[in-house]
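Have the model open while you read.

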Amino acid sequence: MTEFHSIHHEHARLAEDLERVRAATRVIRDDGVFDPAGYRELCRFINEVALPHLKHEEDEIFPRAAALGLEEEVLALLRRDHEQLRVLSRMARAWGLDPNAAVLPHDGAMVVDRFVRAFDAHARHEEAIFSELERGSGQSLTDRSVKAIRLR
Ligand SMILES: [Fe+2]
Ligand SMILES: [Fe+2]
């Protein structure tokens with residue numbers, strides 16, 4: 001088992017969750033249909049899975065990545081992504097994203113969709129960085145491929 005085994009596993013599960021909640025968001029956004037079960041799943045995902053995931057990484061994973069040689073500059077970019085995701089989640093709440101709500105306005109669904117897409121892109125970027133970091137651990141981390149991923 002590698003240092004990042006648990007986070008790879010978590011990202012894989014997140015990708016599955018993202019597929020499901022993205023479908024629920026699309027139905028609201030594109031068809032104006034409010035599916036209460038899909039909507040509760042969406043709220044649960046954001047509040048109980050996605051946001052705690054960010055905190056877990058900041059507390060547990062980023063320090064390990066730093067110890068393996070990931071530069072502060074790259075970690076700062078990942079933390080900035082996290083802050084942007086938190087801003088989007090607050091915007092979604094301001095638009096009425098709440099598990100007890102009976103409706104989510106179209107603009108709220110747009111914000112949620114932005115959150116879901118940004119979260120997906122961020123998780124993929126992180127996976128690429130962590131995978132390269134694992135492959136490079138014990139060796140020089142100045143390899144070109146690593147740099148290319150970091151600078152995206
Ligand atoms: Fe992250
Ligand atoms: Fe992540």
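How are α1 and α2 oriented to each other, roughly parallel or roughly antiparallel? Keep in mind that this is a predicted model. The two axes come within 10 Å and cross at roughly 150°. Angles over 145 degrees count as roughly antiparallel, so α1 and α2 are roughly antiparallel to each other. As for handedness, α1 passes α2 in a left-handed crossing.

Here's who meets whom along that contact:

| Helix | Residues in the α1/α2 contact |
|---|---|
| α1 | Ile7, Glu10, Leu14, Asp17, Arg20, Val21, Ala24, Thr25, Val27 |
| α2 | Gly38, Tyr39, Glu41, Leu42, Phe45, Val49, His53, Ile61 |

Sorted by class, the contact has ten nonpolar, three polar and four charged residues.

Now for the core. The largest nonpolar core has 21 residues, and Leu42, Ile46, Ala92, Val112, Phe115 and Phe119 are the ones with the most contacts inside it. Each of α1 (5-31), α2 (36-67), α3 (72-94) and α4 (106-136) supplies at least two residues of this core, and α4 gives the most, with seven. Beyond its neighbours within four places in sequence, Ile46 is in contact with Leu51, Ser89, Ala92 and Phe115. Apart from this core lies another, of seven residues, including Phe4, Ile7, Ala65 and Ile129.

Leu18 is also worth a click. This residue is found in helix α1 and counts as partly exposed, because it has 19 C-beta neighbours inside 10 Å. Leaving out neighbours within four places in sequence, Leu18 is in contact with Val116, Phe119 and Asp120. Leu18 and Asp120 are 102 residues apart in sequence, yet 7.2 Å apart in space, C-alpha to C-alpha.

Key: Residues numbered from 1 in each chain as written. Chains lettered and ligands numbered in written order. Predicted model: local features only at pLDDT ≥ 70, side-chain atom pairs only at ≥ 80, totals over all residues. Core = buried A, V, L, I, M, F, W, Y, C linked by C-beta atoms within 7 Å. Buried ≥ 20, exposed ≤ 12 C-beta atoms within 10 Å, placed from the backbone. Helix = DSSP H or I, 4+ residues; strand = E, 2+ residues; numbered from the N terminus. Contact = placed C-beta atoms within 7 Å. Axes fitted to C-alpha atoms, helices over the stretch in contact; angles between N-to-C directions. Parallel < 35°, antiparallel > 145°, perpendicular 65-115°, else oblique. Left-handed = near helix turned anticlockwise from the far one by under 90°. Nonpolar A, V, L, I, M, F, W, Y, C, P; charged D, E, K, R; others polar.
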